[in-house]
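Dear colleague,

Please find below a structure that I am handing over to you. I would be grateful if you could look through it before reading the notes that come after it.

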Amino acid sequence: MRETRLWSLHILVIPIIAVLLGMHFAVMHYAPVFYGMSVEKAREFSTMIERGKSVSQFVIYMLLLVASLYHGLYGLRGILRELPLTPRLVKVVDIGILLFGLFIFALGTYVTWWTFNFGG
Amino acid sequence: MSAKTTTPREIIFRVRRFDPDTDTVPHWDEFRMHVHDGMTVLEALHQLKAEQTPNLAYRSSCRMGVCGSCGMFVNDLPMLACQTQVLHLGTDVVTVAPLPNYPNVKDLVPNLEPLIQKHAAIKPFIIFTNQEEIDEPTGEFIQTPEERESISQFTHCIKCGLCLAACPTVATDPQFLGPQALAQAYRYSADNRDCGLKERLVALDAFHGPYQCHMAGACSQACPKGVDPAFAIQLLKRTLVLDSIGFGKKKSKLAKVMPLADVVKQIEEFAPPPRTAK
């Protein structure tokens with residue numbers, strides 16, 4: 001993919017992350033304000049499993065996973081590729097980051113899917 | 001010419017020296033000389049060369065900030081030696097070194113090859129692809145004052161290379177195209193007569209293109225001609241993003257050909273009235 005598209009996408013996900021992270025904060029850290037629930041209660045395993053069963057939670061966390069993974073790993077690629085690398089190492093960095101991203105995505109998807117379908 | 005209003009002041013010049021024939025690493029030499037008000041670093045170097053160190057190597061030509069030859073690292077900042085007055089630096093010790101981020105040829109002479117190569121890579125000329133119009137011109141290509149103004153400041157680049165010397169990204173990633181080439185890429189791509197963005201994409205739409213810029217803005221501070229390359233890079237990003245989603249410049253808008261008959265009509269309209277004998 002052309003670098004312009006990769007970069008544009010990395011900028012485009014910033015507002016998405018901001019909104020979704022705001023939702024995450026509202027649920028996890030500001031539960032007393034938004035849900036009338038203590039923070040301790042909001043962080044309990046059983047509460048999380050219960051919450052994870054809702055479609056909206058599933059969608060929010062999947063989107064947050066994709067957006068933050070892409071944004072973070074694109075930034076990491078930028079930092080690593082500024083090092084004086086040989087063309088071979090550049091390929092290793094690109095492919096390594098892609099594989100690492102896919103692995104984390106698979107792991108995150110598994111946890112979110114398990115919570116949504118079978119949790120509790 | 002400025003009047004010599006103050007008594008000459010003694011200044012210590014620390015000059016970085018390097019002779020590839022005899023030195024393996026650069027070293028610093030110190031020279032003392034009396035500097036008068038209005039004396040530039042370049043004039044001081046001329047005087048040092050004439051009186052104290054005849055083998056000192058540095059580049060210079062026009063002595064008035066036009067040719068861009070005398071770019072140097074004066075007191076750890078990239079400057080044109082001909083435009084920098086010694087006493088304005090406000091220090092008793094003035095360090096002069098070759099521009100960083102370039103290989104060093106000798107003493108204060110940098111090898112500007114990277115600048116030239118990057119400049120050439122972005123095809124710094126107007127690219128016109130209408131072969132029919134090239135073969136059989138039908139009229140004039142118009143550029144309105146507004147269109148000219150939108151790229152005007154970027155046309156002032158004198159290729160002195162100070163911006164690349166100031167750029168922190170070039171310091172860590174020598175492959176980064178750098179502010180000079182990117183500003184020129186914008187200057188030509190934004191020109192209403194140009195249709196060469198696609199040809200420039202090979203160099204621009206790559207990792208070492210404009211997206212590598214850290215937006216430090218050091219290039220714009222260093223430019224002796226008032227060009228703002230950091231701003232040009234942001235404009236270039238916008239141009240590239242719009243182009244990638246199909247909102248780029250359309251060819252039909254580029255080739256603004258004014259029929260010759262209209263040119264003649266315009267000339268006639270604005271022509272002064274014929275002189276009459278008194």
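The notes below set out what was found, beginning with the conventions used.

This is a predicted model, in which local features need pLDDT of at least 70 and side-chain atom pairs count only at pLDDT 80 or more, while totals for chains, interfaces and linings use all residues. Residues are numbered from 1 along each chain as its sequence is written, and chains are lettered from A and ligands numbered from 1 in the order in which they are written.

The model scores ipTM 0.81 and pTM 0.85.

The largest nonpolar core has 58 residues, and Met72(B), Ala81(B) and Leu182(B) have the most contacts inside it. A nonpolar core is a set of buried Ala, Val, Leu, Ile, Met, Phe, Trp, Tyr and Cys residues joined through C-beta atoms within 7 Å. A residue is buried if 20 or more other C-beta atoms lie within 10 Å of its own, exposed if 12 or fewer, and partly exposed in between, with C-beta atoms placed from the backbone. Leaving aside neighbours within four places in sequence, the residues in contact with Leu182(B) are Leu177(B), Pro210(B), Pro229(B), Ala232(B), Ile233(B) and Leu236(B).

In chain A, helix H5 (residues 55–81) has 27 residues; helices (H or I, at least four residues) and strands (E, at least two) are DSSP runs, numbered from the N terminus. The buried residues of H5(A) are Tyr61(A), Leu64(A), Ala67(A) and Arg77(A), and they pack against H1 and helix H6 (87–117) of chain A.

Finally, the two chains meet where eight residues of chain A are in contact with 10 residues of chain B. Helix H1 (residues 3–28) of chain A contributes the most to the chain A side, with five residues.

With kind regards

Technical notes. Contact = placed C-beta atoms within 7 Å. Expected span 1.5 Å × (residues − 1).
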